[in-house]
Amino acid sequence: MHNVIGSLLRERLRLAAPAPIAFERGRVDAFDGFNRERIEYRGLEGDVIPAFLFKPTGRRAQGGVVVFHQHNGEFHFGKSEVAGDVGSPFQAFGPALARRGLAVLAPDALTFEDRRGEIRGVKPHYYDWLQHYSAMSYRLLDGDTLMRKGLDDAQRALSVLIDAAELDERHVGIAGHSYGGYTALYHAAVDPRCRFACISGAVCSFETRRREETGITLFEAVPGLAQLVETHDVLSAIGPRPTLVVSGTEDKYSCDADQVVAKVAGDFITELRVERGHALDQERFDAIVEWIVGRVSHQ
């Protein structure tokens, strides 16, 4: 299934194959149990992609994960929320995973934090939302998509993580919540180097989202996408690689995740479903950390 769906998506998006990516190392800060280094590398359009690389102190990382940050209408938060500097403490996967022995790369998504045109850093700007919209619409004008750019960025992030942290490719995966969850879902489907995937708050069928009038992420605004695949098809393409699907019964972005998972053959999916809303909490945060650590140790 992976070869079929993954190939279809790659062909539709005109997505290039993963390749090694040159990167530049920057400032390193020491924290309790881990170090955080600023990394920069180039995107396919020559754009600079800044990221934080977290590594455990005093030992070699046993594996690693790229963590894609959430959206939450906060374009001024990206890698710094994964770092625990700003935003929700239940998005601070960088420190939590690095202290458990993993290397973590947290890049800024396009139009977030240091990848905004008008301003850098973690202060909001009035036109943040418009830049995100333009990142989609300008590409559509050219017959391109924001998803191609986002997935190309994601592939580059995984390449940089493997090389910058000197990791064995058999022990790397990806994770994300909300907008980061959509990125992880599609990235894992097209890139077999993702040996495991954690997808939180982002598994919901197109059918349900249409019926409930739930917004579609601009990342998924790909002409004809719903004629090509449904969400369970994309999820199926990840198998048999271990996948964690985290959802909430009161979360409009994952309200039918259990039904989507039920349509997927095989037993590679672990489900964590709670009777709560979209935002992560201590229970889900802790469960995601434990699952990722477990996957790295079992690869």
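Me: How much space lies in the second largest pocket?

Reply: Rolling a probe the size of a water molecule over the atoms shows where empty space is left. On a 1 Å grid over the protein atoms alone, a pocket is an open set of points where a 1.4 Å probe fits, with protein on both sides within 12 Å along at least five of seven lines. Grid points are joined across faces, edges and corners, and a volume is the space filled by probe spheres set on the points. Here, the second largest pocket holds about 230 Å³. Lining residues have an atom within 4 Å of a point; there are 16 of them, and L110, T111, R115, R116 and G117 are the closest to the centre. This is a predicted model, in which local features need pLDDT of at least 70 and side-chain atom pairs count only at pLDDT 80 or more, while totals for chains, interfaces and linings use all residues. Residues are numbered from 1 along each chain as its sequence is written, and side-chain values use heavy atoms, with hydrogens and water left out.

Me: Which element gives the largest share of that lining?

Reply: Helices (H or I, at least four residues) and strands (E, at least two) are DSSP runs, numbered from the N terminus. The largest share, five residues, comes from α4.

Me: How do the residues of this lining divide into nonpolar, polar and charged?

Reply: Asp, Glu, Lys and Arg count as charged; Ala, Val, Leu, Ile, Met, Phe, Trp, Tyr, Cys and Pro as nonpolar; and the others, Gly among them, as polar. The second largest pocket has five nonpolar, four polar and seven charged lining residues. The lining of the largest pocket has seven nonpolar, twelve polar and no charged residues.

Me: How many aromatic pairs are found in the whole structure?

Reply: Rings of Phe, Tyr and Trp (its six-membered ring) pair if their centres lie within 6.5 Å; planes under 30 degrees apart count as stacked, over 60 as edge-to-face and the rest as tilted. The search finds eleven such pairs. In one of them, the ring centres of F34 and F54 are 6.0 Å apart and the planes stand at 50°, so the pair is tilted. F34 belongs to strand β2 (residues 34–42) and F54 to strand β3 (residues 48–56), so the pair ties together parts 20 residues apart in sequence.

Me: Are F34 and F54 buried or exposed?

Reply: Buried means under 20% relative accessible area, exposed over 50%, and partly exposed in between (1.4 Å probe, protein chains only). Both F34 and F54 are buried.
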